[in-house]
Structures are given as C-alpha cells and as structure tokens.
Amino acid sequence: MKLFEKTVKEQEIYSGRIIRVHLDDVVLENGSETKREVVDHPGGVSVAVLTENNELILVRQFRYPYKQVLLELPAGKLEQGEDPFEAVKREQREETGTVGEHYISLGNVYPTPGYCGEIIRLWACRASGSTGELQLDEDEFLATERLPLDKAVEMVLNNETPDAKTQIGILKTARLVEQGKL
C-alpha cells in the first residue's frame with residue numbers, strides 16, 4: 001500500500017473571516033476517483049498555565065457550535081504569519097492576565113483530520129507574574145477559573161471535559177509535573 005491521494009481539482013465553496021472550504025476531486029491509490037470536502041483553518045495555540053500551587057488557570061467560554069459553556073485551556077487562533085510561540089504568550093496574557101516562564105512544548109494536535117487542516121500547537125508553563133486585567137477581543141467573553149491539577153485530571157478521566165485540546169494539555173501537563181519537568 002502506498003497510502004496516498006492525488007488532488008486533481010480544487011473548487012472553493014466558501015471563504016470567510018476564519019475558514020475556507022473547498023471540494024476536491026481526488027484519485028485514490030487504486031485509481032478510483034472520489035471527492036474530499038476540506039476546511040482550511042489558520043491553526044491555533046493553547047497553553048496549560050500552572051500556578052505555584054499546581055493550579056491550572058482555565059477559562060469558561062460559550063461555544064456557539066455546541067450551544068454550551070465549556071471549561072478550556074486558554075487558546076486562540078493564529079493570525080496570518082504569526083509565530084505560534086509568540087501567539088501562545090499573547091493569548092495567555094489576554095485570557096488569563098498572566099505571563100509565563102519555563103514554557104514546554106506539548107506538541108501539535110490535529111483536532112479533526114478527516115476534513116479539517118487545523119493544527120493546534122500546545123504548550124505548558126508556570127505563571128510567573130500578572131499583567132493585570134484580561135485583554136479580551138471585542139467579541140470575546142470568558143471567565144477565568146483556577147482548578148487544582150489533580151482535579152482537572154479527574155475531570156478529564158470522568159468525561160467532564162469534552163474539549164480535545166484541553167484534555168490533551170491537562171494530561172500531558174500532569175505527566176510533566178509527575179516527572180519533575182515542570
């Protein structure tokens with residue numbers, strides 16, 4: 001097996017403020033032809049911010065696609081040409097009012113690889129200071145919450161935290177703390 005698909009034609013269906021959608025004609029490795037619907041997204045960043053007391057700083061935010069409030073790690077969309085590490089520090093300042101130190105990359109997450117090209121870059125850090133108030137975007141509304149890391153892990157394991165980036169970030173951060181690396 002070669003495990004490839006060759007794009008023959010790409011047709012833009014929609015181009016919006018954040019995403020672009022296209023319908024592609026592809027040829028499979030066995031010569032069959034099919035279509036692929038693809039969502040292009042600029043990608044995002046997320047950070048697990050730990051206090052000196054091993055509390056995570058999380059955010060509660062209404063998420064329109066699910067029509068519910070989710071508890072998540074601070075996160076945001078990458079701007080065109082923005083360095084992901086600078087973006088994660090910016091999002092941390094804006095959403096938690098903190099600055100960090102000892103950043104550790106937790107790797108990349110492909111949230112929905114079946115149809116979306118989004119990549120979320122994850123980090124963990126220790127909060128080393130405060131910048132003061134939150135600096136939210138005009139259309140952004142959220143509340144911060146501190147939660148002991150052990151409780152956050154328990155919530156993930158009890159299926160109380162449905163957000164994928166948050167689950168991954170919490171579990172990887174907990175492991176780094178256990179290993180004495182964070």
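## Ile170 and its contacts

In this predicted model, Ile170 is in contact with Leu56, Leu73, Leu149, Ala152, Val153 and Val156, leaving aside neighbours within four places in sequence.

Ile170 also stands out in the largest nonpolar core. This core has 21 residues, and Leu56, Leu58, Leu147 and Ile170 touch the most other members. S4, S5, strand S8 (98–109), strand S9 (120–130), H2 and H3 each supply at least two of its residues. H2 gives the most, with five residues.

Which residues of helix H2 (residues 149–157) are buried? They are Leu149, Ala152, Val153, Met155 and Val156. These residues sit on the same side of H2, because they cover an arc of only 160 degrees around the axis. An α-helix has 3.6 residues a turn, so residues three or four places apart point the same way.

The buried residues of H2 have cover from several elements. Among them are strand S4 (44–50), strand S5 (55–63), strand S6 (68–72), strand S10 (142–148) and helix H3 (164–178). The face turned away from the buried side carries Asp150 and Leu157, both exposed.

## After H2: Asn159 and Pro162

Asn159 follows H2 and has a positive phi, near 60 degrees. Pro162 lies in the loop between H2 and H3.

Is Pro162 buried or exposed? Pro162 counts as exposed, at 55% relative accessibility, because the cut-off for exposed is over 50%. Pro162 still touches Leu70 and Gln167, not counting residues up to four places away in sequence. The C-alpha atoms of Pro162 and Leu71 are separated by 8.6 Å, and these residues are 91 residues apart along the chain.

Notes:
Residues numbered from 1 in each chain as written. Predicted model: local features only at pLDDT ≥ 70, side-chain atom pairs only at ≥ 80, totals over all residues. Heavy atoms only, no water. Buried < 20%, exposed > 50% of the residue type's maximum accessible area, 1.4 Å probe, protein only. Helix = DSSP H or I, 4+ residues; strand = E, 2+ residues; numbered from the N terminus. Arc of directions from axis to C-beta. Contact = heavy atoms within 4.5 Å. Core = buried A, V, L, I, M, F, W, Y, C linked by side-chain atoms within 4.5 Å.
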